[in-house]
Amino acid sequence: MERKNSPPTPTRRGANEERKPGDPGGSGGEAEAAEMGTYKCCIFFTRRFAPGEASTPEDVRTLFSRFSGGTPYMGVDELRRYLAATGGPDADGDGEMDAAERIVDRILQGRSRTPRFGKPALTVDDFHSFLFSEELNPPIRQAKVHHDMNAPLSHYFIYTGHNSYLTGNQLSSDCSDAPIIKALQIGVRVIELDMWPNSSKDDIDILHGRTLTAPVSLMKCLTSIKEYAFVASPYPVIITLEDHLTSDLQAKVAKMVLEVFGDILYYPESKHLQEFPSPEALKGRVLLSTKPPKEYLEAKGGTMKDRGTETKFSKGENEESAWGREVPDIQDELQDANKHQDDLLYRERDVDEDDEKKARKNAPLEYKHLITIKAGKPKGSLVDALKSDPDKVRRLSLSEQELAKVAARHGPNIVSFTQRNLLRIYPKGTRFNSSNYNPFLGWVHGAQMVAFNMQGYGRALWLMNGFYKANGGCGYVKKPDFLMQTCPDGKVFDPTADLPVKTTLKVKVYMGDGWQQDFKQTHFDSYSPPDFYVKVGIAGVPSDSTMKKTRVVEDSWVPVWEEQFTFQLTVPEIALLRVEVHEYDVNEDDFGGQTVLPVSELWPGVRTVPLFDHQGVKFKSVKLLMSFEFV
């Protein structure tokens, strides 16, 4: 295959090198290895490539020698010392002995080996197999909730969906409970439903109004929410209702909600909350929140007819194109918003508060009583909307564009508002393809509900899903203390300020494996094995965000890089480690897997990092061997 003129420095495997059957990531047989290494070239010729030997990295050999005392075997006691020193599985609990014995037993069984002289022990290759096992040596502390869950809801980032009922694009896809179920299964805690009268005006449909989306019934959505609400997390589910209903249908909604949820529906006795309850106090409960219907028109720009929009996508706006784009830098977004400032920040917002008050006043009492988190846009400017009321808490919704504009000049105002109140950010109305924005624009300002189109794909959604792997994947991540603190002079955290480096993260990429199990032989290249490289970087505040990459390793299904990268972090508390594998090609590089991990949850030491596909589904076999060190 033709190569690019000047690719990154390649490393080619020797033609006679072979990986031994049974070695970590081995193919398991000479016949299979030969088959994996044979490629057709033109019509009459074939090319054969030996798989290449995946030798144990030198760092792994050094670790083994250190903890085995320089002997060729590591027993259970020595492995236990290694687990205790590196914070491995169960190393901080009462199950250390069991963990070490279990690991030795699993590795020896998996490699079809029997203990020498009756004493179970690992060789250096066995130790490598343990380190390269996702199940036995994962990269993050993912098993348990470990944040304080007793603070008010405003102290947490909450896993939030946008238009949760849509199966695809925003204009013509079907509405269903299936994406709601999928979201709940991955831990999403905020589900959005847009309520509209059905065609006969006697029942409630869930659909993206004034588009060609096909509706689904409210009752079906509510029933599915109840069934799947707590399969991934015991912490509260919040249903945000975009209400386009008449008072008689609102009364019907109240009846449905009480019928479906019964005692698990939480609603306060008081008319207004002075402080939100905690996730711990709301375990196993469902809450309702509404937003004014006019927000819908403001965000979407009216009907399809008003916009002159057709359901087809223009060039560059098709679903696949947006999903592969790089996440915009928030510093660039803030600078762009500042350049194009208009009077949006200070003019009266295009919201008729009198109409909203009338709508709420006419709403039946039983319906209003069930709303725990009240949402609204106070009369006045956008800056005025960020003023807190000492007597009550509320939820405010801003589009991603509104957030960028106000953050460019009034970022600290947003941080102050979110210390007591909830702020929800939603995608701009022109994201017809269900793409997403950079979530850090909301997170660095303390916004709890950064609402995403969960049915889409792409780097922005990878960041969102990676962020909520923290805290046991429960859907609630406690905000760092600096976002909740106010200095004596009234100042709060400013994400655009020059910040000192708090810690340095060293990341080393050793090797990768599993593609030959999960992909067809010619998936990446019809004429030779793939040429993989890895991109490693940080997503976070502007000063921390960066991406770096390894060299290309040519013609290898089991690439070995052994390259280290250093990242200086000013706000490690919310930083994310980004990892992507690509296959170098002439016209456009192929995708080989990705993952995003919370830096605060990384386990130092040599770890296995499983990779995921474009849609966030974990590959069966594809993984990297990496190490993490904080200095």
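1. Where is the place of methionine 149? Methionine 149 sits in the loop between helix H5 (124-131) and strand S6 (156-158). Helices (H or I, at least four residues) and strands (E, at least two) are DSSP runs, numbered from the N terminus.

2. This is a predicted model, in which local features need pLDDT of at least 70 and side-chain atom pairs count only at pLDDT 80 or more, while totals for chains, interfaces and linings use all residues. Residues are numbered from 1 along each chain as its sequence is written, and side-chain values use heavy atoms, with hydrogens and water left out.

3. Methionine 149 has 3% relative accessibility and therefore counts as buried (under 20% relative accessible area; exposed is over 50%, partly exposed in between; 1.4 Å probe, protein chains only). Leaving aside neighbours within four places in sequence, its contacts (heavy atoms within 4.5 Å) include Tyr156, Tyr235 and Cys474. Lysine 478 is 329 residues from methionine 149 in sequence, yet their C-alpha atoms are 7.7 Å apart.

4. Helix H3 (residues 76-86) has as its buried residues Val76, Leu79, Arg80, Tyr82, Leu83 and Thr86. Seen down the axis of H3, these fall within an arc of 160°, so they line one face of the helix; the arc is that of the directions from the helix axis to the C-beta atoms. Glycine 87 follows H3 and has a positive phi, near 70°.
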